[in-house]
Amino acid sequence: MTQELSTTTPPQLARQTRNWWHDAVIYQVYVRSFADGDGDGIGDLRGARDRLPHLAALGVDAVWLTPFYASPQADGGYDVADYRAVDPLFGDLSDADGLVREAHRLGMRVIVDIVPNHTSDQHAWFRAALAGGPERAYYHFRPGKGTNGELPPNDWESVFGGPAWTRVPVPDGNGRTSQPEAGGEWYLHLFAPEQPDLNWDHPAVHEEFASVLRFWLDLGVDGFRVDVAHGMVKADGLPDIGLREQAKMIGAQVLPFFDQDGVHEIHRTWRRLLDSYDGERIGVAEAWAPTPERLALYVRPDELHQAFNFQFLRCPWDPDRMREVIDASLAATASVGAPTTWVLSNHDVVRHPTRYGDGPTGLRRARAASLLMLALPGSAYVYQGEELGLPDVTDLPDEVRQDPSFFRAEGQDGFRDGCRVPIPWTREGSSYGFGSGGSWLPQPGEWSGLSVEAQTGVPGSTLELYRAALAVRREHPGLGAGDSVTWLEAPAGVLALAREGFVCTTNTTGTAVELPVPGSVLLSSAAPEFTGGTVRLPADSSTWWAI
Ligand code: GLC
Ligand code: MG
């Protein structure tokens, strides 16, 4: 049985896209796993620069680079020791400058990460703080509870597991410290102990970050991905939560350390700073907020430009849930006049082919989900290797793992290394073209066949699907524009949405579904079969139609 595919509401006229970031496709480069230029097994800025032509050919509008700043690498560089220096592991400032210029020459913008919630414990400020300097006030130091201060100041847990507090020795006033048992204070770290949280009540912290933002804006970057944008402000008095397993509450409720209303004032200040530069420099929030409405607060007209929509990323492969999340997300961002920002994978989550079911089913669904995402109004992020259909690597031996969450969570939660395995460029050779000196995490043998080389020019490959999708998006600026979609009637399990002159159908079921031909095929994640006036959409597939 097929139903008639008809419009339930008149198609919206797509709003003219005025700003580049409203509908930009932005490619995430996780620097240490993208391309290794110097053969030390770790990706770097020169390696990334040499591979920019791949991104230009893919057709992305911008590149987001994860932290490459001076860092002891306790958390893949999200523990920054010097915000104005490039870590020698990744190159030097002239390499950063060269990469930005080359990307611009190829027509792509560059966004860099800024990590304002915490520094590294090796940052000059924290070292001075430990030695008893006035910099102590830039962090959250508190006396412990219990008779001798032997208990943490409150019950907050680290996102990576264990208490969010670490006790330090009493400074002796001469830049040296006594033994820990001499009863010092505790400092707050919502992530690893090597990542002490900054105290954003202190004006010096504001001034320093404004200066760091200017440093990179002056170098020519087009914006910032703001790490833990929901975390900088803590509830007054640092109150207890009273519940354990707090990591599970992140993104599900407001916590005394996450999504506090006070963070918005910081984003307002940053927006003014960004706007004082020419060239539409942007801020994108990594904010885990409990509802689309609370997430939308981060992208009010005087705050950041984009905020990753993790509700969509977290949504299971279920047509009703997906439709609900899409509608709720679009409505929430439209209410503040901002675009929605779609993302399916990044360096912190299990890659979406594996999330959707692993094996061939997972990959089919992932390809279908990507076409669905790229058909929605707003901006979309593509995580390196997603365009190759890479699965998560789920069988990494414990001894190669580096994710601090793996060690702190006693092994239950070591998932982030699996999405960070260096990507394959060639069929053969050391680390499949990642670099001449192997790769810091082992790559599965099957990745030879998933390499850029193996997929280039192969019809139906995931790489060619992404290239074609981004090319169609460029030719049809209506895709990505506007702020709502029109849902069409469709058989059970099929999502059919209309945009100006365009329809996207997604069959989420495990069997082919027949329906009247909606238009002429622009692109599909699996070829539909035509018989007379009807078409059979293959299981777990999306098709784009011109109407
Ligand atoms: C963000 C980053 C993640 C990092 C954490 C602490 O969530 O994406 O990789 O571990 O912040 O900086
Ligand atoms: Mg290297």
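This is a predicted model: local features need pLDDT of at least 70, side-chain atom pairs count only at pLDDT 80 or more; totals for chains, interfaces and linings use all residues.

**Notes on the model**

1. Is Asp40 buried or partly exposed? Asp40 is partly exposed, at 36% relative accessible area.

2. Next, helix α6 (residues 263-275). Its 13 residues should span 18 Å at 1.5 Å a residue, and the end C-alpha atoms are 19 Å apart, so the two agree. The buried residues of α6 are Val263, His264, Ile266, His267, Arg268, Trp270, Arg271, Leu273 and Leu274. What do they pack against? Their partners are β5 (109-114), α5 (203-219), β9 (223-226) and β10 (282-285).

3. The pairing of α5 with α6 is worth a look in the viewer. The two helices pack at an angle of about 35°, and their axes are 11 Å apart; α5 passes α6 in a right-handed crossing. From α5, the contact uses His206, Phe209, Ala210, Leu213, Arg214 and Leu217, while α6 supplies Ile266, Trp270, Leu273 and Leu274. By type, these contact residues are eight nonpolar, one polar and one charged. As a reminder, an α-helix has 3.6 residues a turn, so residues three or four places apart point the same way.

4. Two residues with positive phi deserve a check by eye. Most residues other than glycine have a negative phi. Ser431, which is not a glycine, has a positive phi of about 45°, and Tyr432 has a positive phi near 50°. Ser431 sits in the loop between α12 (404-408) and α13 (452-455), and Tyr432 is likewise found in the loop between α12 and α13. Ser431 counts as buried at 10% relative accessibility, and Tyr432 is buried with a relative accessible area of 17%.

5. Finally, Pro528, in the loop between β18 (520-524) and β19 (529-531). At 13% relative accessibility, Pro528 counts as buried. Beyond its neighbours within four places in sequence, Pro528 is in contact with Val521, Val535, Arg536, Leu537, Pro538 and Thr543. Thr543 is 15 residues from Pro528 along the chain, and their C-alpha atoms are separated by 7.8 Å.

How values were computed: Residues are numbered from 1 along each chain as its sequence is written. Chains are lettered from A and ligands numbered from 1 in the order in which they are written. Side-chain values use heavy atoms; hydrogens and water are left out. Helices (H or I, at least four residues) and strands (E, at least two) are DSSP runs, numbered from the N terminus. The expected span of a helix is 1.5 Å times one less than its number of residues. Buried means under 20% relative accessible area, exposed over 50%, partly exposed in between (1.4 Å probe, protein chains only). Contact means heavy atoms within 4.5 Å. Axes are lines fitted to C-alpha atoms, for helices over the stretch in contact, and angles run from 0 to 180 degrees between N-to-C directions. A crossing is left-handed if the near helix is turned anticlockwise from the far one by less than a right angle, and right-handed if clockwise. Ala, Val, Leu, Ile, Met, Phe, Trp, Tyr, Cys and Pro count as nonpolar, Asp, Glu, Lys and Arg as charged, and the others, Gly among them, as polar.
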